[in-house]
Amino acid sequence: MRVMVTGASGFVGRRLVPRLESAGHLPLGIDREVDITNREGLAAAIARLRPDAVIHLAALSSVAHSLTAPEDCYRVNFLGTRALLDGVAAEAPTARVLLIGSADAYTATSPQPLPLDESTPLHPRSPYARTKAAGEMLGRLAARTGLDVVCVRAFNHTGAGQSDQFVVSSFARQVAAIRSGRMEPRLHVGNLDSIRDFLHVDEVVDAYLALLDRRVPADVYHVAGSVGIKIRAVLDSLMRIAGVEARVEVDPARFRPTDWLVGDASRLRRATGWQPRVPLEALLREVYADWLVRDAPPAPRWP
């Protein structure tokens, strides 16, 4: 298929585009060269690319950034999604559209007896979560008018190359800097008591590719590992992997209320056979090793 990917140069997009190509698809990546909120420009890009499918990754994905710049988040995540759906309806009405949402649209403040499934009511708290939930509502409305829309609620995922705005990558960067002697042994953290459900980014990409198959019913799907881990355990594991000890200091700017967010991906497994496959230990080792290289000082230049 001809698969248009918005946000193609982002963290997930950089993994997704080559995987689409290796699977026999023609990836058609767009990013900052097309204003995702410009209806006319986006419709023109869709008309030019003639996609059979669209994977909508373009978003402002930092919760922290959304708290300081909610207008930006609304413009990109909500108005951008509306512009995309309008463009597809006008220029590629038979294309399958994967709208990539977020598990942050839920609010689970205390542990539940079972992982959350897709019937759990949305209750977004941050501007980021609200804009992603609202974008999903646009997608579900578009599906009722005839578009082939799949709504994805992705739970936490990480891997080499992720920004340190996100918790695992932030910890790994600090631990790598301590191990390399570039930073004093003091870690700046948020709330370590929250519980999250982590996947490797490549597992998430596997799910997106599986959902392109038109034999898979258009529906709402969780991409989740269904196993919760306390953030404190993630940090402890990274320090053990690196062989460092450090003082842990809570940064008020990073602190969010204690919560629990673990997803049930049974619907996705039944529809596609998808299964997570990367152990958490391997995932953490990958992110840590990546930061050792990414933050290494440049090699000396000889005269």
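**Figure 1. Salt bridge between E249 and R186 in the predicted model.** The side chains of E249 and R186 meet with a nitrogen-to-oxygen separation of 3.8 Å. E249 belongs to strand β12 (residues 247-250) and R186 to strand β7 (residues 186-189), so this contact ties together parts that are 63 residues apart in sequence. E249 is partly exposed, at a relative accessible area of 25%. R186 is likewise partly exposed, its value being 24%.

**Figure 2. Salt bridge between D259 and R196.** The closest N and O atoms of this pair are 2.7 Å apart. D259 is located in the loop between β12 and β13 (260-261), whereas R196 is part of strand β8 (residues 195-196); the pair therefore links parts that are 63 residues apart in sequence. Both D259 and R196 are buried.

**Figure 3. A network of salt bridges involving D164, R173, R182 and D295.** Side chains of opposite charge can pair when their charged atoms come close.

**Figure 4. Salt bridge between R19 and D206.** In this pair, the closest N and O atoms lie 2.6 Å apart. R19 counts as partly exposed because its relative accessibility is 26%. D206, at 18% relative accessibility, counts as buried, since the limit for that class is under 20%. A search of the whole structure finds 25 salt bridges.

Notes:
Residues are numbered from 1 along each chain as its sequence is written. This is a predicted model: local features need pLDDT of at least 70, side-chain atom pairs count only at pLDDT 80 or more; totals for chains, interfaces and linings use all residues. Side-chain values use heavy atoms; hydrogens and water are left out. A salt bridge is a side-chain nitrogen of Lys or Arg within 4 Å of a carboxyl oxygen of Asp or Glu. Buried means under 20% relative accessible area, exposed over 50%, partly exposed in between (1.4 Å probe, protein chains only). Helices (H or I, at least four residues) and strands (E, at least two) are DSSP runs, numbered from the N terminus.
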